[in-house]
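Hi,

Here is the structure I promised to pass on.

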Amino acid sequence: MNARLLPLCATLLICLIAYAACVFQFPAMFSTRVAGNLLTDNAFLGIAAVGMTFVILSGGIDLSVGSVIAFTGVLLAVLITHYGVHPLIAFAIALLITTVFGASMGVIIHYLEVPSFIVTLAGMFLARGMCFVMTTDSIPIDHPFYTALQGLFYRLPGGGRLTFIGCLMVLVFLLGIIVAHFSKFGSYIYAVGGNRTSAELMGVPVARTTIGIYAMSGFLSGLAGIVFSLYTSAGYSLAAVGVELDTIAAVVIGGTLLTGGVGYIAGTFIGVIIQGIIQTYIVFDGTLSSWWTKIVVGVLLFSFIALQRILVFLSLKRATATSGG
Amino acid sequence: MTDKPGLLVVEGISKSFVGFKALDGVDFTVRPGEIHALLGENGAGKSTLIKVLTGVHQPDAGVIKIDGQPVVMRDTQHAQYLGIGTVYQEVNLLPNMSVADNLFIGRQPMRFGFVNRKRMEQQARDLLAQYDLHLDVSSDLSRYSVAVQQIVAIARAVDMSGRVLVLDEPTASLDRHETEVLFAILRQLRARGFGIVFITHFLDQVYEICDRVTVLRNGKLAGSALIAELPKIELVTLMLGRTLAVATHKPRHDRPIPAERQFSFKGLGRSRSIAPFDLDIGQGEVIGMAGLLGSGRTETAKILFGIDAADAGHIRIDGNPVLIRTPRDAVACGFGLCPEDRKSDGIIGDLSVRENICLALQAQKGWFNRLSSREQTGLADTFVKALDIRTTDIEKPVKFLSGGNQQKVILARWLATNPRFLILDEPTRGIDVGAHAEIIALINRLCDDGMALLVISSEIEEIVAYSTRVIVLRDRAHRGEISGDDITTSNIMQMIAAESEGAPA
């Protein structure tokens, strides 16, 4: 088997074991209701994580995700509730702003050769700051269009609800997989993450790719912000603090190497679902603190980083063994 | 010289970098169906010329013509589009992607706006079949050897450009057989009318495969000739502009054997690394260590210097037993080691020449006994002068120096600690002929000054030139020792090549 697939398989195995263990303890977790809620509750996280996967695949990082989600939420609330803008127009404005925001971070990262960590850290503060400039209150959104979207769901057999935002996340993941593996842009992302200098010498448009990656991450963060505002029906400047770290965790647990070049969008989906399962378990248990999610995610992260290092060592060893000395 | 019109013609190209003229009015012509060697010492301007040809740098003056039409290369993609494909020294591909991706990235066959993987893989198989290479094109490139990666890189460059192929030291990391395979491919491309520019350090290969040679020296054209009309010694003279020191240096094996050998290693060994060996070395001796790659040469050096712990054995210096378990212990005993891979184990590229030279001495003096900047500058100046390290100033980051000068910086670092026993692992690898001769002269000088040296080298002639004794290794064991007049190339070769069973112990 391809060693590349090993982290992905490990993630899938852990996901299945975790789910099986949960079902063993709480048989009620084996239902379409729980499955539907897993998608709905983690929709914004998943959408943002797709963008993060592309960024990490290219060897970068985007710390602005959580702030951009909050920014989008507040912007939508202000536009819809205070100015009476139709939600669809508000969505378009929000997506435009976040995409341009992401693209400009990409421009700075590429042309000024500043590490993405620093640029997106600045972006994180900037976006969070902009929330407070607009408002410091939590603004509820009450619009018939919102209510309509929130009421849009497909009833699964067994009573589960496949909501609009849940489906949207799955759709984003599917599109992400197509982009990653069946588009030129996708191959450029892997190329830049594999070796930037080589990619450049091989004629990969590195500038265009880098800017595109951060623009896409900005767009998806904006989309995650829209989903988050549909999910909470409000905009609040202190919302989604630390979501960027949750998405990074999902990406790494999903088997993507933080050094770039290696990983799968599908793995990130499983990473998101694993986090969702842990949360659901805690809800079912009822006595555990929700911070246990963080503890388990922490342990998983450690084990995955260790697994990846071991795989790298093993493949190096194999490489020296076959090439001889 | 005017038998065929030039496919790629370069006229009067000049290129300067801050305060330094890398190319000065160079002319260069590649004709279709020829393999053209581009030679020169490190720093002669080969790399700059290649970068100008492939659009990485823009020339300050001069014209580049393809098929008689003047062209301006905007970037590497444009150069490829104009017909110039390049394979760089360190194979520049993407090991994390599949072979097919590597061949077709940026120009994948598309269907309905999506990459048509099936067709791409079929095309990749067809393409590689032209080179008699049949492999699973959907698996990662990193799974294959450097030789295969090189062929993939060539296949890509040929497929994309289709006129001129530039190969920057393609054989540096290939073994004999792989080189043969590569040469067969080059001959095939030559027959198809390609113009091939071939850069190498190996003069034998130039005579084996090239039709014509152009030599650069100090950024200027030193000469260009058909290889059949140019004897080797004239070629070397062209490259150096002076006679080779190695050739004139008289062998050292008539040196007196030292009265006592201060450094004595008994029964040192490490399982699965190197069989136990004895080694005595006295001051004023140069021991050459010969053997094939992987015969245990570097392993020996690592044990002597305390990088790898020995399983057994003991060490005496001046008759007193000592324990060497870490490189720090070794340095404290007056040892120094210039490692084989100077890029990863030796120099610290971003630090200046001065800082690199002072590193070992500072480490020896400890944390709280900082060398003053005046001391550091003095030290660096002394060694830059003594070893003739060519750098514009001592604050220049070492990574901008040529290979030979980097090697001298590492040597200076250890010489600054005033070692009694210096181990040099492949001190002349990957450096040009001139620097080569200087390093050998330096080894001889250090030996005359009473240092004990152990020099590991793949170049037998070189070992013959400076060794007072030679130890031959084979299959991870010390197999024998030659001294005095027996030190000849053929004796050493025979010992290396001897069958394991009938080997002299």
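To start with a detail: how many residues lie between strand 21 and strand 22 of chain B in their hairpin, and which residue in the turn has a positive phi? There are two residues between the strands, and D475(B) is the one with the positive phi, about 50°.

Some housekeeping before the rest. This is a predicted model, in which local features need pLDDT of at least 70 and side-chain atom pairs count only at pLDDT 80 or more, while totals for chains, interfaces and linings use all residues. Residues are numbered from 1 along each chain as its sequence is written, and chains are lettered from A and ligands numbered from 1 in the order in which they are written. When I say helix or strand, I mean a DSSP run (H or I, at least four residues, for helices; E, at least two, for strands), numbered from the N terminus.

On confidence, the model scores ipTM 0.80 and pTM 0.72. Chain B has a mean pLDDT (the predictor's confidence in each residue, from 0 to 100) of 80, with 90% of its residues at 70 or more. Over residues 243-248 of chain B the pLDDT is below 50, and this stretch has 12 contacts beyond near neighbours in sequence; a contact means that two C-beta atoms, placed from the backbone, lie within 7 Å. Residues 500-505 of chain B also stay under 50, with four contacts beyond four places in sequence. Where pLDDT is low, the predicted coordinates should not be read in detail.

Now chain B as a whole. It has 18 helices and 22 strands, and 46% of its 505 residues count as buried. Buried here means 20 or more other C-beta atoms within 10 Å of the residue's own (12 or fewer is exposed, in between is partly exposed), with C-beta atoms placed from the backbone. Of the contacts in chain B with a separation of 6 or more, 69% are between residues 24 or more positions apart.

Strand 21 (residues 469-474) of chain B has six of its six residues buried. That covers both faces: R469(B), I471(B) and L473(B) on one side, V470(B), V472(B) and R474(B) on the other. Six bridges join strand 21 to strand 22 (residues 477-483) of chain B in the antiparallel sense, with I471(B) opposite E481(B); strands count as paired if DSSP finds at least two bridges between them. Strand 21 also pairs with strand 15 (residues 286-290) of chain B, this time parallel and over four bridges, and there A290(B) stands opposite V472(B).

Chain B also has an open, mixed sheet of six strands in the order 6-9-10-3-11-12. Strand 6 (84-87) and strand 12 (220-226) are at its edges with a single partner strand each, so one side of each has no neighbour in the sheet. The twist averages 20° from one strand to the next; axes are lines fitted to C-alpha atoms, for helices over the stretch in contact, and angles run from 0 to 180 degrees between N-to-C directions. Within this sheet, strand 3 (residues 34-40) and strand 11 (residues 212-217) of chain B are parallel over five bridges, and L38(B) stands opposite T214(B). Helix 1 (residues 46-53) of chain B lies across strands 3, 6, 9, 10 and 11, at about 150° to strand 9.

Another open sheet in chain B is antiparallel, with four strands in the order 14-13-16-17. Five bridges join strand 13 (residues 263-270) to strand 14 of chain B, and R270(B) has I274(B) as its bridge partner. Helix 10 (residues 297-304) of chain B packs on this sheet, touching strands 13 and 14, and makes about 65° with strand 14.

Helix 4 (residues 65-82) of chain A reaches 25 Å, close to the expected 26 Å. With 15 of its 18 residues buried, helix 4 is largely enclosed by the rest of the structure.

Finally, the contact between the chains takes 21 residues from chain B and 22 residues from chain A. On the chain B side, helix 2 of chain B gives the largest share, three residues.

Cheers

Notes. Expected span 1.5 Å × (residues − 1).
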